[in-house]
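The following exercises concern side-chain contacts and the interface between chains. Please work through each task before reading its solution.

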Amino acid sequence: MNIKNLLKIAVRALVRNKLRAILTMLGIIIGVASVIAMLAIGEGSKKNIQDEMSSMGTNLIMIMPNMQMRGGVSLGASSSMALKMSDVETLRNEAVYLSAVSPQVSASGQVIYGNQNTQTTVHGVSEEYLDIRKLEIGSGRIFSSSEVRGMSKVCILGTTVVENLFGEGADPVGVTIRIKNLPFEVIGVLEDKGESGMGQDQDDLILAPYTTVQRRLAAIDYINGIYASAVSEEKSTAAADEVTEILRRTHKLKESDEDDFRIMSQSELLETVSSITDIMTYLLGAIAGISLLVGGIGIMNIMFVSVTERTREIGLRMSIGGRSRDILRQFLVESIIMSILGGALGVVFGYLIATAAGTLMGSPVVVTTQSVILAFAVCFVIGVFFGWYPARKAANLNPIDALRYE
Amino acid sequence: MDNSIIEIRQLRKDYHVGEVVVHALRGVDLQIKEGEFVAIMGMSGSGKSTMLNILGCLDQPTAGDYFLDGTNVNSMNRDELARLRNRKLGFVFQAYNLLPRTTALENVELPLFYNPRMKSKERLERAVLALEAVGLKERMGHMPNQLSGGQQQRVAIARSLVNDPVLILADEPTGNLDTRTSVEIMELFQSLNDKGRTIVFVTHEPDIAKFATRNVMFRDGRIQRENMVTDRLIASDVLLTLPVENIEEFEN
Ligand SMILES: Nc1ncnc2c1ncn2[C@@H]1O[C@H](COP(=O)(O)OP(=O)(O)OP(=O)(O)O)[C@@H](O)[C@H]1O
Ligand SMILES: [Mg+2]
């Protein structure tokens with residue numbers, strides 16, 4: 001039998017049994033679409049979080065006081081006061097793997113402008129902080145080192161604070177606001193950063209010189225943390241080791257003492273987060289795998305049932321001169337057509353579902369080529385195999401036995 | 001002997017149903033010459049269908065030899081048998097066995113799809129001709145469920161003719177039809193037979209058997225007797241004597 005005849009016979013057989021063909025394809029469509037959608041959502045949120053992380057700066061190194069519990073008892077104030085401004089100076093002078101260092105002092109409180117007020121956190125930092133955290137100035141300017149030294153009451157607002165105090169899109173540069181009742185001049189506004197991967201508003205903050213915050217707002221002589229940039233992402237581990245060495249030395253810690261500070265590097269955080277999102281992708285993948293299985297069983301059932309139904313057709317085709325291999329090829333072509341059509345539709349639906357889900361969740365979806373190939377291949381193999389395999393038995397019967405089959 | 005198209009010797013067929021062995025054929029010898037028109041008769045269960053299925057290469061005998069057109073069918077493999085059915089045989093089933101939801105034309109075309117040398121143009125032409133021969137050219141776009149039993153049987157006959165077979169085998173082709181339609185089918189067979197085709201058919205009705213040239217009587221899996229038909233009926237003459245009772249003819 002030539003290919004043209006084969007195609008014609010197979011297509012006619014499919015058209016003759018539209019419902020059966022559609023049901024079979026439905027199994028394939030559901031399988032393929034769910035795998036693609038699930039993996040796209042998983043992959044998308046992973047990428048979302050990773051982007052978020054690297055937009056925070058992959059070179060970032062955070063040094064926090066080690067507020068550990070020992071035997072359930074907090075070591076309290078003494079440990080949270082472990083970091084001093086002198087540590088910042090030492091790191092600036094000695095650490096070769098760090099390109100920028102900024103102290104960080106936080107104070108939270110009420111901010112007032114006119115009759116509007118809002119509750120937010122004021123971060124006291126040095127001018128390097130913006131580079132370290134990859135923050136951009138949207139309008140206005142950053143504070144100068146002389147303003148830092150002079151404890152100037154100047155501040156830079158995050159967009160959420162601007163929105164809360166002045167309304168959306170306002171430009172408050174030059175205006176004076178009151179933070180914890182002290183007047184501060186607004187000298188700049190930060191670029192919008194949006195929500196973090198964890199759903200935190202990253203624009204709800206005020207930056208001010210650390211000197212001002214430390215003395216005038218928080219009234220403390222220690223600092224809450226140190227933010228630094230490693231010279232490069234690859235050097236961030238070396239930088240973290242170096243910081244540990246310098247701080248242990250200057251804090252005069254004995255061999256047996258634990259660190260009184262904690263170092264978190266962004267790349268380390270990234271690893272933790274990606275391992276979490278990986279687990280999520282695996283879970284979604286498992287769900288998708290189950291739908292694939294269900295789809296596959298659906299395909300299998302319909303094929304098995306329909307072959308029983310079609311054994312008489314097979315008998316007839318053999319009795320008018322079809323060879324077993326002609327019959328098998330027909331079933332093979334039928335199932336290839338259904339698998340390709342169903343698979344293609346499944347890819348389209350999977351993409352649409354993923355996009356819809358992405359819009360709903362407000363996160364991007366990433367349809368990877370691998371997921372498409374995987375889903376398509378699995379369904380194709382299932383579809384073709386179960387289209388062909390049950391027909392094999394019928395095609396090996398005597399024509400008369402196949403014709404009499406009930 | 002040299003012009004015999006069918007030659008069977010000591011043909012046996014046993015069916016095993018659980019512990020029970022049914023001897024459907026118990027040693028049949030039969031010779032049919034080219035151009036013969038043979039009617040097989042006999043009681044229900046006497047082995048007529050079993051015999052015809054074996055002649056049509058749809059089933060294998062348990063023992064015995066079967067020569068079709070000079071070749072021993074027992075020595076052929078499945079593919080060779082399929083080819084034989086496709087090129088030399090036309091089989092008409094008692095139950096029609098048309099593909100459902102498929103037009104008359106496509107049903108008739110079907111055997112030609114399994115002939116790789118057949119061009120699609122020729123395939124179509126032949127199918128239309130075969131339908132014309134059974135008087136159903138206008139119905140070629142109809143599905144089996146839109147046709148009467150007699151019309152379906154005629155589509156099945158058209159399908160058995162379409163590959164221009166040397167031998168047509170028909171199992172009770174008139175079993176479900178009224179007298180006039182039965183005679184019409186016989187007229188068709190007689191005209192095919194006049195053109196040189198060998199026809200073997202099974203029937204229960206002695207009147208219908210009289211259209212054949214030879215009758216073979218089966219009993220208990222054996223041939224009870226054979227006789228040449230002396231008072232052979234000519235279907236076209238008989239039709240003239242029959243009243244036109246077919247509703248369809250009135251409509252036309
Ligand atoms: N597939 C089968 N399995 C078991 N026994 C069978 C089978 N086919 C036929 N037989 C038996 O073989 C015998 C002959 O059957 P066959 O169908 O040839 O009879 P028949 O002469 O065609 O009868 P009818 O006129 O009723 O069609 C019967 O006893 C029947 O029961
Ligand atoms: Mg019978």
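A residue is called buried under 20% relative accessible area, exposed over 50% and partly exposed in between, with a 1.4 Å probe and protein chains only. The model is predicted, so local features need pLDDT of at least 70 and side-chain atom pairs pLDDT 80 or more, whereas totals for chains, interfaces and linings use all residues. Residues are numbered from 1 along each chain as its sequence is written, chains are lettered from A and ligands numbered from 1 in the order in which they are written, and side-chain values use heavy atoms, without hydrogens and water.

**Exercise 1. Aromatic pairs**

Classify the ring pair A:Phe376 and A:Phe380, and then the pair B:Phe91 and B:Phe93.

Solution. Step 1: rings of Phe, Tyr and Trp (its six-membered ring) pair if their centres lie within 6.5 Å; planes under 30 degrees apart are stacked, over 60 edge-to-face, and the rest tilted. Over all chains, 11 aromatic pairs are found.

Step 1: the centres of A:Phe376 and A:Phe380 are 6.2 Å apart and the planes lie at 15°, so this pair is stacked. Both residues belong to helix α12 (residues 369-395) of chain A, and because they are 4 residues apart, about one helical turn separates them. Helices here are DSSP runs of H or I with at least four residues, numbered from the N terminus. A:Phe376 is partly exposed at 26% relative accessibility, and A:Phe380 is partly exposed at 26%.

Step 2: B:Phe91 and B:Phe93 are 4.9 Å apart centre to centre, with 40° between the planes, and are tilted. B:Phe91 and B:Phe93 are both buried.

**Exercise 2. The interface**

Describe the contact of chain B with chain A by residues, area and salt bridges.

Solution. Step 1: with contact taken as heavy atoms within 4.5 Å, chain B contributes 27 residues and chain A 32 residues.

Step 1: interface size is often expressed as the accessible area lost when the parts come together. Summed over both parts and computed with a 1.4 Å probe, the buried area is about 2700 Å², with 48% of it on carbon and sulfur atoms. B:Arg78, B:Phe113 and B:Tyr114 supply 27% of the area that chain B buries against chain A, more than any other three residues.

Step 2: a salt bridge is a side-chain nitrogen of Lys or Arg within 4 Å of a carboxyl oxygen of Asp or Glu. The interface has 3 salt bridges. Among them, A:Arg12 meets B:Glu109 at 3.3 Å, N to O, and A:Arg12 also meets B:Glu106 at 3.6 Å. The latter pair runs from helix α1 (residues 3-16) of chain A to helix α3 (residues 104-113) of chain B. A:Arg12 is partly exposed at 22% relative accessibility, as is B:Glu106 at 25%.

How values were computed: Helix = DSSP H or I, 4+ residues; strand = E, 2+ residues; numbered from the N terminus. Buried area = accessible area lost by both parts, 1.4 Å probe.
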